[in-house]
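Dear colleague,

Please find below the structure that I am handing over to you.

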Amino acid sequence: MPAKKEYLTTPRQRTLKISAAVLGGYFVSITFHLFLATILPDRNIVMLTATFTLFLLWGILMIVPFLAQNGWKIWGVYLLLICIFSSITFWLR
């Protein structure tokens, strides 16, 4: 028995959610760890632990777009976070 049509998303929304999960989640996790490296005093520890925590954060951020209704909103939130973390990293460096 197929699923109800009201629960299925359009191909465009599916593409937005998948790209936000893979690319957006990766860039948010990278910029977050660079932000932490500029704030915390010991950058080496942050970069060493980033190999593990980046993967965990990216995995969590890959789930978030599929919980939302609209892929555009997720991309907006991810781009906003990327811009915030990048600008703070740039100005504090």
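Helices H1 and H2 cross in a right-handed manner; a crossing is called right-handed if the near helix is turned clockwise from the far one by less than a right angle, and left-handed if anticlockwise. Please note that this is a predicted model, in which local features need pLDDT of at least 70 and side-chain atom pairs count only at pLDDT 80 or more, while totals for chains, interfaces and linings use all residues. Residues are numbered from 1 along each chain as its sequence is written, and side-chain values use heavy atoms, with hydrogens and water left out.

Helix packing

Two packed helices are described by the angle between their axes and the distance between the axes. Here axes are lines fitted to C-alpha atoms, for helices over the stretch in contact, and angles run from 0 to 180 degrees between N-to-C directions. H1 (residues 11-39) packs against H2 at about 150°, and their axes are 8 Å apart. H1 is therefore roughly antiparallel to H2 (angles over 145 degrees count as roughly antiparallel, under 35 as roughly parallel, 65 to 115 as roughly perpendicular and the rest as oblique). For H1 and H3 (residues 71-92), the axes come within 9 Å and cross at roughly 20°. H1 is thus roughly parallel to H3, and the crossing of H1 and H3 is left-handed.

Overall form

The protein chain contains 3 helices and 0 strands (DSSP runs numbered from the N terminus, with H or I of at least four residues for helices and E of at least two for strands). Its radius of gyration is 16 Å, well over the 12 Å that the globule rule gives for 93 residues, so the chain is more spread out than a compact globule. That radius is taken over C-alpha atoms, and the rule is 2.2 Å times the number of residues to the power 0.38. The C-alpha trace spans about 55 × 25 × 15 Å along its principal axes.

Leucine 61

Leucine 61 lies in helix H2 (residues 43-67). The residue is buried, at a relative accessible area of 12% (buried means under 20%, exposed over 50% and partly exposed in between, with a 1.4 Å probe and protein chains only). Leaving aside residues up to four places away in sequence, leucine 61 touches Ala21, Gly25, Val28, Ser29 and Tyr78, where contact means heavy atoms within 4.5 Å. The C-alpha atoms of leucine 61 and valine 22 are separated by 8.5 Å, although these residues are 39 apart along the chain.
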